Amino acid sequence: MIQSVLDLQHVTKRFGDTAAVDNVTFEVARGEIVALLGPSGCGKTTTLRMIAGFEQPDEGRIFISGVDVARKAPYERNVGLVFQDYALFPHMSVAQNIAFGMKNRGVPARDIAPRIARVLEQVRLPGIEGRRPSQLSGGQQQRVALARALVTRPDVMLLDEPLSNLDAKLRLELRHEIRAILATFDCTSIIVTHDQEEAMGLADRIVLMNKGRIEQVDTPVGLYQRPQTLFAADFIGHANWISGTLARRAAEAGVVETKVGGIAVAPGAVADGPVTLCIRPERLAIVAADAPADTRLAAVVERLDPVGADLRIWSRLGDGTLVQSLEKNVGRALPAPGVGVTLGFKVADCIVLPADGAAR
Amino acid sequence: MRRPSLSTALLWPALLVMVPLLLGPLLLLAHESLKPFVGGRIGGDESGALTLQNYAQIADPQYVRYFLDTFRVGLLATAFALVLGFPVAHFIVRRAGPTMRRLMVGGLVGTLFLSIIVRVYAIAMTFGPHGPLSDFSRLFGISASSPDGAELMVVLGLLNSTLPLVALTLIGTLQNINPRLEDAALSLGAPRWKTFFQITVAMSLPGILSAAIIAYAFCISNLVVPMLVGRGFIVFVSNLIYFRFSEVANFPSGAALSMVMMVISVALFYGLLSLVRSHWQEAGK
């Protein structure tokens, strides 16, 4: 990390007895887009409100561009905010909305109009200065909200569930658009979302939160391929779970004894003892009984679900565990329900996680 | 042809009551105001020719003063109610916890249940010329026993009702303002006072005008407060009308005063209402 624009150190916020945010530490580099991802109540919104200055942390420090802002009012921080419902001022025109921040930040009056025109071009809504927010569509309001926050050139942009108020198709379109706009401004950004696709599509890195704590900080690909906790593996994408007991010496390759037999696993940091194995559906395949695969498990096909380009095949293992595998829907002959098959996967595709409750 | 709906049909009972009870007497009152007055008898002269002399009388500076007093004192009581009531409503909506909120709203509603006579006499006994806190008037640089002191008592008496009216009305208005708009203004660098005036107050303007109309209507039609604490120094048009009808039995003059007051009030409220409406349209509602 070359230079961190935003730096949270051991930030804790309690409401009554419960810690809404518990010892959260992460850094964001200049120009980076980081998503705070997690289920509702995980503390991501409280974290955002503390960065914005609407809440003050009980413990810890928040640095923006090297300055500790934890005790500063929102208007004393150079932070841009885009709200879930956009929060455009309904009694002002688009131009007045965008000018509001500039006037308060001391932009000279003669520069305001040209900067409004320019920022509206940058969000691809030129010439709508005179409109009222109520005359704009949801997507347009979203972009005006972005323009209003970006025009003052904030150190950090905070986006709270930026796409959740839009319909699915528009969401996908705007996701790319927001990325492009944030890139144009080279703006360090935090995006709060509960939608993993949104986080994966928008962010360079994801801070995954659960119950006020950070579960994992990683790139979108890393988070999916190398989850470090059961929660992370479960929250992102689909997974098959097989529990068992790991036995190996130190960090060497080992074997996990499960009800469906021993499963070989790669070297790793997880300690011996109860573990849960996670295998992504697309890494689990129906193979010929004698085909090369590191691990082979006997199963009986139970159901086939077509999901567009893929087919999701549900099979039951010997101990009754239901597992899913994804097959490309390319016209290959598929087993009918009730037929016995062999499921195979590689050692590398089997993620070892400490069982729930076990020490990390 | 659409058949009249049930909701239209249900209007009829109200119309049947309102027309004879309100419009009818009003027309009679208008008629009465045009009759010549002959001293010594009750009501206008039935046989005399209709005349405008009762109206001409009102143009006299003596009478104009009563109108000016009514509108001025009403304006004061309304303005104070707005200035004091807005922060109360704002506190209840934005800051108070559920218990505090219930207590405060209960208190405001409760005061409206208390008879205005009780409240006004309590004020007079406390702050009036003989009250223990009569020095209160000195804070405003006036003596409690002077005409200005009487005006202060009338304003306080009216405020006693207008403040809860205004605060309760504004609670509804403020509840409809998205608190995130205030957050947005703060994040755009506006200090709290600027956010308060440019966002919260600016967006409440239609509600503020509605509250003002309600409070003002209450004030200028008030009879009891100036009667009890005006001590003859502050006489509202309502008091004048009351004297005309009950003390000197000059019905035509009382009727003429009533008609003038009604026309001015209706014009005033129509003007204010159209202001509210144009503001809403401007806000793109």
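In this predicted model, chain B and chain A bury about 2,000 Å² between them, and 63% of that area sits on carbon and sulfur atoms. Chain B brings 21 residues to the contact and chain A brings 22. If you want to know who does the burying on the chain B side, look at B:Arg180, B:Ser187 and B:Leu188: they supply 30% of the area that chain B buries against chain A, more than any other three residues.

On the polar side of things, the count between chain B and chain A is two salt bridges, along with seven residue pairs in polar contact, both partners at pLDDT 80 or more. B:Arg180 turns up again here, forming a salt bridge with A:Asp85 with the closest N and O atoms 3.0 Å apart. Which elements of chain B give two or more residues to the side that touches chain A? They are helix H8 (179–187) and helix H9 (192–220) of chain B, and H8(B) has the largest share with seven residues. By class, that side of chain B divides into eleven nonpolar, five polar and five charged residues.

Now for the inside of chain A. The chain is divided into domain 1 (4–233) and domain 2 (238–354), and their centres, taken over C-alpha atoms, are separated by 39 Å. Eight residues of domain 1 of chain A are in contact with ten residues of domain 2 of chain A. The two domains bury about 730 Å² between them, 54% of it on carbon and sulfur atoms. In domain 1 of chain A, the residues that lose the most area to domain 2 of chain A are A:Tyr224, A:Leu230 and A:Ala233, which together make up 70% of what that side buries.

Over all chains, the whole structure has 22 salt bridges. Here are some of them:

| Pair | Closest N to O distance |
|---|---|
| A:Asp204 and A:Arg179 | 2.8 Å |
| B:Arg72 and B:Glu151 | 2.5 Å |

The pair of B:Arg72 and B:Glu151 has one partner in helix H4 (residues 61–95) of chain B and the other in helix H7 (residues 147–175) of chain B, so it ties together parts that are 79 residues apart in sequence. B:Arg72 is partly exposed, at 36% relative accessible area, whereas B:Glu151 is buried, at 12%. Both belong to a network of salt bridges that also links B:Arg65 and B:Asp69.

Back in chain A, A:Asp204 forms its salt bridge with A:Arg179 from the loop between helix H6 (196–202) and strand S9 (205–210), while A:Arg179 lies in helix H5 (residues 168–185), 25 residues apart. A:Asp204 is partly exposed at 29%, and A:Arg179 counts as partly exposed at 29% too. As for the remaining pair in the table, A:Asp305 is partly exposed with a relative accessible area of 23%, and A:Arg303 is partly exposed with 41%.

Note on methods:
Residues numbered from 1 in each chain as written. Chains lettered and ligands numbered in written order. Predicted model: local features only at pLDDT ≥ 70, side-chain atom pairs only at ≥ 80, totals over all residues. Heavy atoms only, no water. Domains from an automatic or database assignment. Contact = heavy atoms within 4.5 Å. Buried area = accessible area lost by both parts, 1.4 Å probe. Salt bridge = Lys/Arg side-chain N within 4 Å of Asp/Glu carboxyl O. Helix = DSSP H or I, 4+ residues; strand = E, 2+ residues; numbered from the N terminus. Buried < 20%, exposed > 50% of the residue type's maximum accessible area, 1.4 Å probe, protein only. Polar contact = N/O pair within 3.5 Å; in protein donor to acceptor, adjacent residues only side chain to side chain. Nonpolar A, V, L, I, M, F, W, Y, C, P; charged D, E, K, R; others polar.
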